[in-house]
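Colleague: Could you take a close look at a single helix for me and tell me what it packs against? Please spell out the cut-offs as you go.

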Amino acid sequence: SARACRVGESASALPRAGATSSQPTGLVRPRGSKAARLGPARSEIDQQRLLVNTAKLTMQNMSVCQRLAGDVEKSFLLPQASKVATVANASGAAYFAARKKEAATLGRPHVHVWAAIVKELVASKTGT
């Protein structure tokens with residue numbers, strides 16, 4: 001008979017539909033010499049195929065993401081002596097010096113460095 005799960009009880013602990021108390025609720029293999037010829041139960045084969053297809057799909061998605069990230073993201077190497085690189089390095093150093101005093105209120109370092117780079121680029125563009 002069907003019954004609801006109690007709090008903290010797994011649904012897998014309940015009997016499957018059509019299973020009687022004398023039948024196991026897991027995979028059932030045929031018995032006898034025919035079982036030796038059939039190999040694993042059909043649902044085991046389906047699970048193996050599903051696992052292989054899931055792994056293939058995961059690898060394909062990773063490949064697509066990597067290719068798209070390469071198309072979208074660009075990296076620029078700046079000379080160490082450039083004004084933008086100097087400002088970025090100074091901002092990073094200032095962040096880590098201030099972090100020793102007030103770590104909880106500063107946020108992440110890349111935000112401060114990026115803000116300093118943008119300010120420098122705007123200032124160099126406008127001449128201020």
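Modeller: Happy to! Buried here means under 20% relative accessible area, exposed over 50%, and partly exposed in between, with a 1.4 Å probe and protein chains only. By that criterion, buried residues make up 12% of the 128 residues in the protein chain. This is a predicted model, in which local features need pLDDT of at least 70 and side-chain atom pairs count only at pLDDT 80 or more, while totals for chains, interfaces and linings use all residues. Residues are numbered from 1 along each chain as its sequence is written, and side-chain values use heavy atoms, leaving out hydrogens and water.

The chain has five helices and zero strands; helices (H or I, at least four residues) and strands (E, at least two) are DSSP runs numbered from the N terminus.

Let's look at α3. Its buried residues are Val 84, Ala 85, Val 87, Ala 88, Ser 91, Gly 92 and Tyr 95. They cover an arc of only 165 degrees around the axis, so they lie on the same side of α3; the arc is that of the directions from the helix axis to the C-beta atoms.

Now for its partner. Contact means heavy atoms within 4.5 Å. Residues of α3 including Val 84, Val 87, Ala 88, Ser 91 and Tyr 95 take part in the meeting with α5, where the residues involved include His 112, Val 113, Ala 116, Ile 117 and Glu 120. The residues of this contact divide into 10 nonpolar, three polar and two charged (Ala, Val, Leu, Ile, Met, Phe, Trp, Tyr, Cys and Pro count as nonpolar, Asp, Glu, Lys and Arg as charged, and the others, Gly among them, as polar).
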